[in-house]
Amino acid sequence: MFVGIFILLGAFLSLVAAFGLIRLPDVYTRNHAASKSATLGVMLTLLGTLIYFYFIENHFNSRLLLGIAFIFMTSPVAGHLISRAAYNSGVKLWGKSVVDDLGRDRKKMNHRKS
């Protein structure tokens, strides 16, 4: 029961991430969709697989736990670094973006140095 729920929910979140990559307007919102929902989707799919093998097949697979831990630690950091690199290289925000907190904070820091 739980296996099917976890795997279907993981597949749904991966599908949401794919639609987000296609439909969202700029690199920052696309990266957000990819890093958040795809990470959770993959983790839920791996968790469902781990539960299946442990309770149905009576086999504990430590590689699945390592995969879950690796995705949990690296994917959000990679998403953050990709967005940071895009911002630092001058990729513009979407035209209807309302707030640029990083730009505002940088202006404050430059003003203090002057």
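This is a predicted model: local features need pLDDT of at least 70, side-chain atom pairs count only at pLDDT 80 or more; totals for chains, interfaces and linings use all residues.
Reader: Why are H1 and H2 called roughly antiparallel to each other?

Author: Helix H1, residues 2-23, and H2 pack at an angle of about 160°. Angles over 145 degrees count as roughly antiparallel, and H1 and H2 are therefore given that description.

Reader: What else describes how H1 and H2 pack?

Author: Two packed helices are described by the angle between their axes and the distance between the axes. For H1 and H2, the axes are 7 Å apart.

Reader: Which residues form the nonpolar patch on the surface?

Author: The patch is formed by Tyr 52, Tyr 54, Phe 55, Ile 56, Phe 60 and Leu 65, which together have about 630 Å² of accessible area. Helix H2, residues 27-56, gives the most to this patch, with 4 residues.

Reader: What makes Tyr 52 partly exposed, and how does Ile 56 count, buried or exposed?

Author: Tyr 52 lies in helix H2 and has a relative accessible area of 32%. Buried means under 20% and exposed means over 50%, with partly exposed in between; the value of 32% therefore makes Tyr 52 partly exposed. Ile 56 is also found in helix H2. Its relative accessibility is 52%, so Ile 56 counts as exposed.

Reader: How far apart in space are Ile 56 and Leu 15?

Author: From C-alpha to C-alpha, Ile 56 and Leu 15 are 27 Å apart, with a separation of 41 residues in sequence.

Reader: Why is Asn 58 called exposed, and what is its phi?

Author: The relative accessibility of Asn 58 is 67%. Exposed means over 50%, so Asn 58 counts as exposed. Asn 58 is located in the loop between H2 and helix H3 (62-88). Phi of Asn 58 is near 55°, a positive value in a residue other than glycine.

Reader: How do you know that Arg 23 is exposed, and where is Arg 23 found?

Author: Arg 23 is found in helix H1. Its relative accessible area is 69%, and the cut-off for exposed is over 50%; Arg 23 is therefore exposed. The C-alpha atoms of Arg 23 and Leu 81 are separated by 22 Å, and these residues are 58 residues apart along the chain.

Conventions
Residues are numbered from 1 along each chain as its sequence is written. Side-chain values use heavy atoms; hydrogens and water are left out. Patches are made of residues with over 30% relative accessible area and no salt bridge: like charges are joined within 9 Å, nonpolar side chains (Val, Leu, Ile, Met, Phe, Trp, Tyr) within 5 Å. Accessible areas come from the Shrake-Rupley method with a 1.4 Å probe; for residues, only the protein chains shown count as cover. A salt bridge is a side-chain nitrogen of Lys or Arg within 4 Å of a carboxyl oxygen of Asp or Glu. Helices (H or I, at least four residues) and strands (E, at least two) are DSSP runs, numbered from the N terminus. Buried means under 20% relative accessible area, exposed over 50%, partly exposed in between (1.4 Å probe, protein chains only). Axes are lines fitted to C-alpha atoms, for helices over the stretch in contact, and angles run from 0 to 180 degrees between N-to-C directions. Angles under 35 degrees count as roughly parallel, over 145 as roughly antiparallel, 65 to 115 as roughly perpendicular and the rest as oblique.
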